[in-house]
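Dear colleague,

Please find below the structure that I am handing over to you. My notes on it follow directly after.

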Amino acid sequence: MTERTGFPAPATADLAAAWAAWAGAVTLVTVADGRDDIGATVSSFSPVSAEPPLVLVSLMSGSYPAELFSRPDEPVTRFAATLLCAGQRMLAGRFAATGRPGARLMLDDVPHRRGPGSGALIAEGGLAALECSAERLVTAGDHLLVLAGVSGVVYVAGSGEPLIRFRGRYVLARGDDPPEPPGALRAPLAVPAVVSRGRKGSACSLGPTPGPSRTA
């Protein structure tokens, strides 16, 4: 058990600024739940172990995906995680926007497939895509931590730049904003995992895919 230091709690604004200084790779987590397809953009996904292969994903408590994993009757256990590339900034924004439609609708103009094991929708054009199975849930503050085993690797791209969330914005690995074609809609600020529900992944080019926006 961790002992309390007695130090005063950090100011909310200072803590928010410190969290914003964390540069996180952006991942699209998708779930097939009966006739519904759910998706959420998260920047709190990470590998945990190579043997056995384990990953960790953090979902905002009260979000629809978190509810699916933690519901008492027939909780969701299988899901897919797509590591997004720099050219998929708008796709990330779609799956972070509040009040968004189902995942099938949001992937309608993006090449995609269903995972053979999870049944979840998986966008093409990312850096890699995994299928996972939840093994343990941990409630931590205002988030639900999902520790999951990797059951399969759907694809791995031979090259490409990762999509990074840093200080509330999507940036390239070197810290620059991905270039946008003239007249393109700018994606709103990226923010933590909310919910989603999802249609066809864009190639790993540096230009964004048109569409709505926000993130996790």
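**Cavity and aromatic pair**

The largest cavity has a volume of about 30 Å³. A cavity here is a set of points on a 1 Å grid over the protein atoms alone where a 1.4 Å probe fits but cannot get out, and lining residues have an atom within 4 Å of a point. Grid points are joined across faces, edges and corners, and the volume is the space filled by probe spheres set on the points.

This is a predicted model, in which local features need pLDDT of at least 70 and side-chain atom pairs count only at pLDDT 80 or more, while totals for chains, interfaces and linings use all residues. Residues are numbered from 1 along each chain as its sequence is written, and side-chain values use heavy atoms, with hydrogens and water left out.

Lining the largest cavity are Val 29, Val 31, Ile 38, Gly 39, Ala 40, Leu 59, Pro 65 and Phe 69. Two or more of the lining residues come from each of strand E2 (27-33), strand E3 (36-42) and helix H2 (64-70); E3 gives the largest share, three residues. Helices (H or I, at least four residues) and strands (E, at least two) are DSSP runs, numbered from the N terminus.

A search of the whole structure finds one aromatic pair (ring centres within 6.5 Å). Phe 69 and Phe 79 form this pair, edge-to-face (planes over 60 degrees apart), at 5.5 Å centre to centre and 85 degrees between the planes. Phe 69 lies in helix H2 and Phe 79 in strand E6 (residues 78-83), so the pair ties together parts 10 residues apart in sequence.

Yours sincerely

Methods:
On a 1 Å grid over the protein atoms alone, a cavity is a set of points where a 1.4 Å probe fits but cannot get out, and a pocket is an open set with protein on both sides within 12 Å along at least five of seven lines; lining residues have an atom within 4 Å of a point. Rings of Phe, Tyr and Trp (its six-membered ring) pair if their centres lie within 6.5 Å; planes under 30 degrees apart count as stacked, over 60 as edge-to-face and the rest as tilted.
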